[in-house]
Amino acid sequence: MAGIVFEIKIENEKMQECVNEALYEYKTKSGLTVAECVERQIPKKPIEKSIIGKLKIPDIAYCPICDNPVIKDESDNYEQAYCCYCGQALDWA
């Protein structure tokens, strides 16, 4: 999605200014473009890695974008839907 520019066109000029300002402010604060935010809503599989040698902890995997830990606890039927560090949607299937 790199290079794609998202625009929201609104007929009311005042509302258009407000939307443009909100998009600019979001980009400034988050450091992400709207396209990058949309891309992060497409679920990606977490990466399972061994922590020490061949030791694997099955309930911990890592975000495919920021490499921070994400959790799946099969005993509680809990799966983290999004990475709490970068917002990437996760696909545990």
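A nonpolar core, as I use the term here, is a set of buried Ala, Val, Leu, Ile, Met, Phe, Trp, Tyr and Cys residues joined through side-chain atoms within 4.5 Å. With that in place, let me turn to the structure, which is a predicted model.

The largest nonpolar core has 7 residues. Its members are Ala61, Val70, Leu90 and Trp92, together with the cysteines Cys63, Cys83 and Cys86.

Two of these residues lead us to the sheet. Ala61 stands opposite Val70, which belongs to strand E2. E2 covers residues 69–73 and is joined to E1 by 3 bridges, the two strands running antiparallel. The sheet as a whole is open, with 3 strands in the order E1-E2-E3 and antiparallel pairing. Strand E1 (60–62) and strand E3 (78–79) each have a single partner strand, so at these edges one side of each strand is left without a neighbour in the sheet.

Next, the cysteines. Leaving aside residues up to four places away in sequence, Cys83 touches Cys63, Cys66, Val70, Gln88 and Leu90.

How many disulfides does the model contain? The count comes to 0, with a sulfur–sulfur cut-off of 2.5 Å. For Cys63, the closest cysteine sulfur is that of Cys86, and because the separation is 3.6 Å, the pair is too far apart for a bond. Cys84 is likewise in no disulfide, the nearest cysteine sulfur, in Cys83, being 5.6 Å away.

Are Cys63 and Cys84 buried or exposed? Cys63 is buried, at a relative accessible area of 1%. Cys84, in contrast, counts as exposed, because its relative accessibility is 61% and the threshold for exposure is over 50%.

Notes. Residues are numbered from 1 along each chain as its sequence is written. This is a predicted model: local features need pLDDT of at least 70, side-chain atom pairs count only at pLDDT 80 or more; totals for chains, interfaces and linings use all residues. Side-chain values use heavy atoms; hydrogens and water are left out. Two strands pair if DSSP finds at least two bridges between them. Helices (H or I, at least four residues) and strands (E, at least two) are DSSP runs, numbered from the N terminus. Buried means under 20% relative accessible area, exposed over 50%, partly exposed in between (1.4 Å probe, protein chains only). Contact means heavy atoms within 4.5 Å.
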